[in-house]
Amino acid sequence: MDKFTTHQGLVAPLDRENVDTDAIIPKQFLKSIKKTGFGPNLFDEWRYLDHGEPGMDPATRKPNPDFVLNQPRYQGASILLARQNFGCGSSREHAPWALQQYGFRAILAPSYADIFFNNCFKNGLLPIVLPESAIDKLFHEVAAFPGYQLTIDLQRQVVIKGDGTELPFDIDPFRKHCLLGGLDDIGLTLQHKDAIASFEAQRLASKPWLAHTF
């Protein structure tokens, strides 16, 4: 997965509490056996006025002009501002896939559902927890200033506003290490590939019958 070190990006505000994973990526799009292609259907039932199904061309559909991600001022946003309990509902890993493939690198919210929170880290998406008072202020600032951007410095664990104000956040040291290094579960395992290869060679030498199939 891509490394996350420092990121500066446009902020899009999703002013709704308890956004569940079926809203993030509706169930009909889980039929795909691939890990890619979910970005166009992020928040599908909110982004479009017609019903979406896998394989539909987004260019032929009817966008909802009132939905935040369809508004011109938020085009290209890579930081999502959200409310409490974001990512609740089912445990589908497709939810962080869809957010990341749409273009988001980080989410700012007061709280998240646990499984969604864990899935984000496993896929290179940074979910930052900030106090509700700080989130409220960010919503006001994003609404007041078109083109509102933030900078996230993961190494220093701060969100930096345009005026230089810094909002510190906590993160588990191991998760921070993985994001900085771009290491998912497979990447972590491959760090030990030489040791794994050595073990396999020794095991085969001592038990050659394991190489045979029946």
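**Close-up views of a predicted model**

**View 1. Helix H3 passes helix H4 in a right-handed crossing.** In this predicted model, H3 spans residues 94-102 and H4 spans residues 114-122, and their axes come within 8 Å of each other while crossing at roughly 50 degrees. The two helices are therefore oblique to each other. On the H3 side the contact is made by Ala95, Pro96 and Leu99, which meet Phe116, Asn119 and Cys120 of H4. Sorted by residue class, this contact between H3 and H4 holds 5 nonpolar residues and 1 polar residue, with no charged residue.

**View 2. Seven strands form an open sheet with mixed pairing.** Read across the sheet, the order of its 7 strands is S4-S3-S2-S1-S5-S6-S7. Strand S4 (126-129) and strand S7 (166-168) stand at the edges, and each has a single partner strand, so one side of each is left without a neighbour in the sheet. From one strand to the next, the twist averages 30 degrees.

**View 3. Strand S1, comprising residues 6-13, is mostly covered.** Of the 8 residues in S1, 6 are buried, and the strand is paired with S5 as well as with S2. With S5 the pairing is antiparallel and extends over 5 bridges, and within this pairing Leu10 stands opposite Gln149 of S5. With strand S2 (residues 79-81), by contrast, S1 runs parallel, the two being joined by 3 bridges, and here Val11 is the residue that stands opposite Ile79 of S2.

**View 4. Strands S5 and S6 run antiparallel.** Asp153 stands opposite Val158 in S6. In the strand order of the sheet, S5 lies between S1 and S6, and its pairing with S1 is likewise antiparallel, with 5 bridges.

**View 5. Leu30 lies in the loop between helix H1 and helix H2.** When residues up to four places away in sequence are not counted, Leu30 touches Ile25, Arg92 and His94. Glu132 lies 102 residues from Leu30 along the chain, and the C-alpha atoms of these two residues are separated by 32 Å.

How values were computed
Residues are numbered from 1 along each chain as its sequence is written. This is a predicted model: local features need pLDDT of at least 70, side-chain atom pairs count only at pLDDT 80 or more; totals for chains, interfaces and linings use all residues. Side-chain values use heavy atoms; hydrogens and water are left out. Axes are lines fitted to C-alpha atoms, for helices over the stretch in contact, and angles run from 0 to 180 degrees between N-to-C directions. Helices (H or I, at least four residues) and strands (E, at least two) are DSSP runs, numbered from the N terminus. Angles under 35 degrees count as roughly parallel, over 145 as roughly antiparallel, 65 to 115 as roughly perpendicular and the rest as oblique. A crossing is left-handed if the near helix is turned anticlockwise from the far one by less than a right angle, and right-handed if clockwise. Contact means heavy atoms within 4.5 Å. Ala, Val, Leu, Ile, Met, Phe, Trp, Tyr, Cys and Pro count as nonpolar, Asp, Glu, Lys and Arg as charged, and the others, Gly among them, as polar. Two strands pair if DSSP finds at least two bridges between them. Buried means under 20% relative accessible area, exposed over 50%, partly exposed in between (1.4 Å probe, protein chains only).
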